[in-house]
Amino acid sequence: MQKKYLSIYEEISKQIQEGHYPPKTILPSENEFAEMYHTSRETIRKALNLLAQNGFIQKIRGKGSLVLDLKRHQFPISGLISFKELAENMGGKAKTTVEEFNLELAGREIARELNVEDNEKVWKVKRVRHIDEERVILDKDFLVERHVPGLSREKCENSIFEYIEGQLEKKISFAKKEFTVEEPSAEDRKLLDMEGFNAIVIVKNYIYFDDATLFQYTESRHRPDKFRFVDFARRMDTHSV
């Protein structure tokens, strides 16, 4: 049976996406939600924390939970979410096109990133993400073939994560991420709608199975205007000596 805070999270997130709670408005208080859903404040707090982690709201001390504009898509730094999963939550038009799909030897540079031998077979995939008919993300994926057998162009166009978890029945567990901002390359300008933009946000993802096997390295190149990267951090308690 699904935990109650998850069902409350799903219902409120759906209401936000459908405009019941418009952007820049304040959600009902924890007490009001607790009365609405006949549950405890702690359950509501868990649901609201999940809404914040997934970019639906921003908690503001003394004011409450501010509904964010979903048109400014948010990628949680500490989370692992596929583009397809994100697109399903956005409400706008989103699609993926596969520009390149090959099975090749890793080569020195990619072998170093994936911690494999130079002659290891690697899927090399280049995908463009379209949101509201604009090309705004270029994903360059490299996956170790022996860990992800049977990949195809069609599976890449749909969702690599969905294929790995649904058909290969492997558990994707965690990722290490590195962020930089650089000038757009010639490839960025060719494949993305970059007119008027002089920077690209680059996210390098090292993605692992639950047994700590590194199976995928992705360089995700984002047009900067559409995205705000969010995370939640808590300061540890410290004691003065």
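Student: Which residues of the largest nonpolar core touch the most other members?

Tutor: Start with the general idea: in soluble globular proteins, nonpolar side chains tend to be buried together. In this predicted model, the largest nonpolar core has 17 residues, and I12, L27 and F33 touch the most other members. The elements giving two or more residues to this core are α1, α2 and α3. Helix α3 supplies the largest share, five residues.

Student: What is I12 in contact with, leaving aside its neighbours within four places in sequence?

Tutor: Its partners are Y21, L27, F33, Y37 and L51. Two of those names, L27 and F33, return from the list of residues that touch the most other core members. There is also a second, separate core, made of 16 residues, including W123, I172, F209 and F215.

Student: Let me turn to the helices. Which residues of α1 are buried?

Tutor: In α1, the buried residues are I8, Y9, I12, S13, Q15 and I16. They sit on the same side of α1, because they cover an arc of only 155 degrees around the axis. That buried set packs against α2, α3, β1 and β2 (64–67).

Student: How many residues does α1 have, and what does it reach from its first C-alpha to its last?

Tutor: Helix α1 has 14 residues and reaches 20 Å between those two atoms, close to the 20 Å expected at 1.5 Å a residue. Just after α1, G19 takes a positive phi of about 90 degrees.

Student: Are E30 and R41 buried or partly exposed?

Tutor: E30 counts as buried because its relative accessibility is 16%, with the cut-off for buried being under 20%. R41, at 41%, counts as partly exposed.

Student: How many salt bridges does the count come to?

Tutor: The count comes to 14 salt bridges. Another of them joins the side chains of K140 and E187, at 3.0 Å from N to O. K140 lies in strand β6 and E187 in helix α8, so this pair ties together parts that are 47 residues apart in sequence. E187 is partly exposed, with a relative accessible area of 21%.

Student: Which residues do salt bridges that share partners join into one network?

Tutor: The network consists of E30, R41, E42 and R45. E42 has its place in helix α3 and is partly exposed at 42% relative accessibility. Its side chain makes a polar contact with the side chain of R45, at 3.0 Å.

Student: Last one: which side chain meets that of D193 in a salt bridge?

Tutor: The partner is R135, at 2.8 Å from N to O. D193 lies in the loop between α8 (186–191) and β8 (200–209) and R135 in strand β6 (residues 134–144), so the pair ties together parts that are 58 residues apart in sequence. D193 is partly exposed at 26% relative accessibility.

Student: What lies 2.8 Å from the backbone oxygen of D193?

Tutor: A polar atom of the side chain of R223 does. R223 lies in the loop between β9 (214–222) and β10 (227–230), and counts as buried at 3% relative accessibility. Not counting residues up to four places away in sequence, R223 touches E134, V136, D193, M194, F197 and I200.

Terms used: Residues numbered from 1 in each chain as written. Predicted model: local features only at pLDDT ≥ 70, side-chain atom pairs only at ≥ 80, totals over all residues. Heavy atoms only, no water. Salt bridge = Lys/Arg side-chain N within 4 Å of Asp/Glu carboxyl O. Buried < 20%, exposed > 50% of the residue type's maximum accessible area, 1.4 Å probe, protein only. Helix = DSSP H or I, 4+ residues; strand = E, 2+ residues; numbered from the N terminus. Polar contact = N/O pair within 3.5 Å; in protein donor to acceptor, adjacent residues only side chain to side chain. Contact = heavy atoms within 4.5 Å. Core = buried A, V, L, I, M, F, W, Y, C linked by side-chain atoms within 4.5 Å. Expected span 1.5 Å × (residues − 1). Arc of directions from axis to C-beta.
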